[in-house]
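This briefing goes through one structure by topic. Keep the sequence and the 3D view open while reading.

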Amino acid sequence: MTTDIRTLRTSGEEAFAQAAEARLAAEPTQGRIGELRRAAASAFAEHGLPTRRVEEWKYTDLRAAVREAPPLAGEVTASAEAEAGLRAIAFPGTERVLFVNGAYGRGASHLGRLPAGVSAVPLAAALASGSPLLDRIGGLAPQRYDAALALNTAMLREGLVIHVSAGARVETPIHIAHVFTADAPLSTFTRMLVVVEEGAQVAFIESHQGPDGIAYQANAATEFYVGDGAHVDLIRVQEEGDRALHLATLVVDMGRDVAFHAFQLATGAATARLSLYGRFSGSGSHAGIRGVNLLAARQHGDVTMVLDHAVPHCESRELFKTVLKDESHGVFQGKIIVRPDAQKTDGRMMSQSLLLGEFAQMDNKPELEIFADDVQCGHGATAGALDDDLLFYLLSRGIPRPDAEVLLVQAFVGEAVEYVEQEDLREALMARIVERLGKAG
Amino acid sequence: MDPSRVDFPPGPAGAPMDTMTMLDIRNLHARIDDREILKGLDLTLNAGEVHAIMGPNGSGKSTLSYVLAGKDDYEVTEGTATLDGEDLLEMEPDARAAAGLFLAFQYPIEIPGVANMTFLRTALNAQRKARGEAEISTPDFLRLVKEKASDLGISQEMLRRGVNVGFSGGEKKRNEILQMSILEPKLCILDETDSGLDIDALKIVAQGVNALRSPKRAMLVITHYQRLLDHIVPDVVHVMHQGRIVRSGGKELALELEASGYAAYGDAA
């Protein structure tokens, strides 16, 4: 006899399940997208939010973080859009597309001005017109149920569909800026679909910002299809407000001879999670995924990734640097899967953390699932305090302790920032890091 | 040790009475963990003087330099140390540096990710700020570094690299002297600066140090070997043993030690 163990629903879980049903009922979608959404909504209705018994969410209690479900964001007002335009991070030499409280900012985005070879359509418009690119959406579902992505799919409405033509050499990075401006908690769901055709070269920046003190919830999912021989850089900057929940999902499919470089700088939110699913479907590709997490107070920052080497001769490199002050809690979970055919796979994963707060905590969980016999895979994790000898050297030259600590933390995270290829973006990221380190004191 | 064999000096040889005292250490006791290393050390350096401290391994020479610079592994249990009249032992290491103390490390540390230039500039400006002076302008700073670096044979590439990262032993020591010449301290402490240097590197380092000799500055050269003192000629040589200065004399004392070694002190231990 089996006992059916059911976990009690949180009110947030219940409310999101209902909101998903309501949205589906209000806008009945036809065809594949409709099925996708209905399947996602019923999966969420069935499985809900993960408990900590679910291995992928062992260190991040999403049920606790989603006790409440703030209302869904509505239309964007012109004033909110103007405010968001002012607040959004300005990366020089980039073209910006603005999302305000989870909705496309029509007035502040100039899709017509995007560089040659890049076209973008708001997701709502693409859904209305039945863009053929949408056949790709949801096509890279992770192997296991992912609550954040399921909810994002069920709520599918706002977002951006980006297409980069074959062979395009796009010099100007495209910045997709998400700014939360409301003074009350809201739930936002945004979805980006990025299709980069063969041999194209392009860089994206995705930023997320919001005000402190408001418990809003941002759920952002991005799907990347990287065509053969393409070179894609993605820089994520997560600076949500200090009470926000940030749930991000990044799904990447890499063709043959691809170079995909992702970098995340995460300093915001009360609870943040980036789930990254990368899949090599063509050989000879390289993925470099790096990040810096700066956590303070009682912040919780989680980076969890699965890299699936499904084909031979691919290379993956991950390097994550986490700096933890006060009572913050960092999580890094990285899994490398090497399928039976994926010979000559070369995968290396490293998570390094600096524990600066007496009650700071870091959980590292690297996993290797290797089914091929001719591969090189490795992982490592370190955790420690600032080196006393380094600190003394700086002090002995007259550099006061707080400045010396900032210099050393800067040096620690700099090793990951180094991998950002664009010099001005690298400098802009470093400047944000230094500012944040100074501020958090 | 038999105290009758020790000729305690009244003060630095040949120092006029009205000379300004730069470093004044009295009855200094310091320990690391439960081990007492400095056991009542007295030492006075006047401005303009170069003193050498020699002594066998384990006599406490490096401990003295760390204690003066303020490394918190060491606990001072008794005694005083002042720099130009200010109580050193009460200050944090960065305040000691701003007050004019500089320690050239025996083993300069590598700091990956902090560019040498950034480091020099941060240090210089921090000291100026602590002294209530304005920050140095970028052109002035670049000019200063360029001039001092070329005197020491330090390339622009080495200035761009992380502090001491990938530097040879000799390059690290030259980089210490570069910092010293840019920060212009009142008191330079050179802790075994000759260790690991070949004769050519030693000459460059010694030239750099000699260029900094000034009537307003005092230098304390800690070394195990006499060789360095051929190039940086001291006014006074002290012998340190078991945490105290046990003998002082002129520069000829170094030659004597070179000939007879420290065995006499060891035997008496």
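Helices and strands here are DSSP runs, numbered from the N terminus. The model is a predicted one.

**Annotated domains of chain A**

- According to an unreviewed UniProt entry, residues 32-176 of chain A carry the feature "domain: SUF system FeS cluster assembly SufBD N-terminal".
- Over residues 32-176, chain A is 31% helix and 16% strand, and the C-alpha atoms at the ends of this stretch lie 27 Å apart.
- UniProt, again in an unreviewed entry, gives the annotation "domain: SUF system FeS cluster assembly SufBD core" for residues 186-412 of chain A.
- Over residues 186-412, chain A is 9% helix and 59% strand, with 36 Å between the end C-alpha atoms.

- Helix H6 of chain A spans residues 147-154 and is mostly covered, with eight of its eight residues buried.
- Among the buried residues of H6(A) are A:Ala148, A:Leu149, A:Leu151 and A:Asn152.
- Which elements do the buried residues of H6(A) pack against? They are helix H1 (11-26), H2, E6, E8 and E10 of chain A.

**A:Thr249 in strand E10**

- A:Thr249 belongs to strand E10 of chain A, which covers residues 245-254.
- Is A:Thr249 buried or exposed? A:Thr249 counts as buried because its relative accessibility is 2%, and the cut-off for buried is under 20%.
- Apart from neighbours within four places in sequence, A:Thr249 is in contact with A:Ala148, A:Leu149, A:Ala220, A:Ala221, A:Thr222, A:Ser275 and A:Tyr277.
- Two of these partners, A:Ala148 and A:Leu149, are buried residues of H6(A).

**A:His47 in helix H2**

- A:His47 lies in helix H2 of chain A, residues 31-47.
- With a relative accessibility of 43%, A:His47 counts as partly exposed, a class that runs between the 20% and 50% cut-offs.
- Leaving out neighbours within four places in sequence, A:His47 is in contact with A:Glu13 and A:Tyr145.
- A:His47 and A:Glu13 are 34 residues apart in sequence, and their C-alpha atoms are 9.9 Å apart in space.

**The largest pocket**

- The largest pocket holds about 540 Å³ of space.
- The pocket is lined by 30 residues, and the closest to its centre are A:Pro142, A:Gln143, A:Arg144, A:Tyr277 and A:Val306.
- Two or more lining residues come from each of E10, strand E12 (271-280), strand E14 (300-309), strand E16 (329-338) and strand E18 (361-370) of chain A.
- Which element gives the most to this lining? E12(A) does, with six residues.
- By type, the pocket lining has twelve nonpolar, six polar and twelve charged residues.

**Cavities**

- Rolling a probe the size of a water molecule over the atoms shows where empty space is left.
- How many cavities of 30 Å³ or more does a search of the whole structure find? The search finds six.
- The largest cavity has a volume of about 110 Å³.
- Of its 14 lining residues, A:Gly102, A:His178, A:Thr188, A:His208 and A:Ala218 are the closest to the centre.
- Strands E5 (174-179), E6 (187-196), E7 (201-209) and E8 (217-226) of chain A each supply at least two residues of the cavity lining.
- The lining of the largest cavity consists of six nonpolar, seven polar and one charged residue.

**Contact between chains A and B**

- In this contact, 31 residues of chain B meet 15 residues of chain A.
- The area buried between the two chains is about 1900 Å², and carbon and sulfur atoms give 71% of that area.
- B:Asp94, B:Phe105 and B:Ile109 supply 26% of the area that chain B buries against chain A, more than any other three residues.

- B:Asn27 is not a glycine, yet has a positive phi of about 50°.
- B:Asn27 lies in strand E1 of chain B, residues 21-32, and counts as partly exposed at 30% relative accessibility.
- B:Asp33, also not a glycine, has a positive phi of about 50°.
- B:Asp33 sits in the loop between E1 and strand E2 (35-46) of chain B, and counts as exposed because its relative accessibility is 67%.

Methods
Residues numbered from 1 in each chain as written. Chains lettered and ligands numbered in written order. Predicted model: local features only at pLDDT ≥ 70, side-chain atom pairs only at ≥ 80, totals over all residues. Heavy atoms only, no water. Helix = DSSP H or I, 4+ residues; strand = E, 2+ residues; numbered from the N terminus. Buried < 20%, exposed > 50% of the residue type's maximum accessible area, 1.4 Å probe, protein only. Contact = heavy atoms within 4.5 Å. 1 Å grid on protein atoms, 1.4 Å probe; cavity = no way out; pocket = protein on both sides within 12 Å on 5 of 7 lines; lining within 4 Å. Points joined across faces, edges and corners; volume = space filled by probe spheres on them. Nonpolar A, V, L, I, M, F, W, Y, C, P; charged D, E, K, R; others polar. UniProt positions renumbered as here; feature names shortened; annotations may be inferred. Buried area = accessible area lost by both parts, 1.4 Å probe.
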